[in-house]
Amino acid sequence: MNWLWAIIVGFVLGLIARAILPGKQHQPLWLTTLFGMAGSILGNAVAGWIGVAETKGIDWTRHLLQLIGAIVVVALGDMMYMAVRGKKRTTA
């Protein structure tokens, strides 16, 4: 069941990150989900490093760090995806 939640959270965070980033992202939806999952893991790691991984109530700081991690991973992942695909990125 934990994998199902990881996929759902990765999907949602990936979509939010794509919506926040300017321009068009070219990676497919399944790759966006994987990038969102990686960003979530990165955000959880940073939350643990700064000591806010577990708090009473809703972990707003951890969730914000997960979203920031997803934005970074989706942005970098899109650049790598475009480099592998051999297409130039356009800013539109």
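Me: Where is Q27 found?

Reply: This is a predicted model. In the model, Q27 lies in the loop between α1 and α2.

Me: Is Q27 buried or exposed?

Reply: Q27 counts as buried because its relative accessibility is 2%, and buried means under 20%.

Me: What is Q27 in contact with, leaving aside its neighbours within four places in sequence?

Reply: With those neighbours left aside, Q27 is in contact with R18, T32, F35, V74, D78 and Y81.

Me: Stepping back, how many helices and strands does the protein have?

Reply: There are three helices and zero strands. Starting from the N terminus, the order is α-α-α.

Me: What box do the C-alpha atoms fill?

Reply: Roughly 45 × 25 × 20 Å, taken along the principal axes.

Me: What share of the contacts with a separation of 6 or more comes from residues 24 or more positions apart?

Reply: Such residues account for 62% of those contacts.

Me: Where is L34, then?

Reply: L34 is in helix α2. With a relative accessible area of 42%, L34 is partly exposed, because that class lies between the 20% limit for buried and the 50% limit for exposed.

Me: On to the core. Which residues make up the largest nonpolar core?

Reply: Nine residues in all: L13, A17, L21, L31, F35, L67, A70, V73 and V74. Each of α1, α2 and α3 supplies at least two residues of this core. The largest share comes from α3, with four residues.

Me: Why would nonpolar side chains sit together like that?

Reply: In soluble globular proteins, nonpolar side chains tend to be buried together.

Me: Which residues of α3 are buried?

Reply: L65, Q66, L67, G69, A70, V73, V74, G77, D78 and M82. These buried residues of α3 pack against α1 and α2.

Me: And which ones are buried in α2?

Reply: For α2 they are L31, T32, T33, F35, G36, M37, G39, S40, G43 and A47. They pack against α1 and α3.

Me: How far apart are the end C-alpha atoms of α2, and what should the helix span?

Reply: Helix α2 covers residues 29-50, so at 1.5 Å a residue its 22 residues should span 32 Å. The end C-alpha atoms are 31 Å apart, which agrees.

Me: What about α3?

Reply: Its 26 residues should span 38 Å at 1.5 Å a residue, and its end C-alpha atoms are 37 Å apart, which agrees.

Me: What follows α2, and what follows α3?

Reply: G51 follows α2, and its phi is positive, near 85°. After α3 comes G86, with a positive phi near 80°.

Me: Is F11 buried or partly exposed?

Reply: F11 counts as partly exposed, at 33% relative accessibility. F11 is found in helix α1. Not counting residues up to four places away in sequence, F11 touches L29 and T33.

Me: Last topic. How many salt bridges does the count come to?

Reply: The count comes to one salt bridge. The side chains of D59 and R62 meet in it, at 3.1 Å, N to O. D59 counts as buried, at 10% relative accessibility.

Note on methods:
Residues numbered from 1 in each chain as written. Predicted model: local features only at pLDDT ≥ 70, side-chain atom pairs only at ≥ 80, totals over all residues. Heavy atoms only, no water. Expected span 1.5 Å × (residues − 1). Buried < 20%, exposed > 50% of the residue type's maximum accessible area, 1.4 Å probe, protein only. Contact = heavy atoms within 4.5 Å. Core = buried A, V, L, I, M, F, W, Y, C linked by side-chain atoms within 4.5 Å. Salt bridge = Lys/Arg side-chain N within 4 Å of Asp/Glu carboxyl O.
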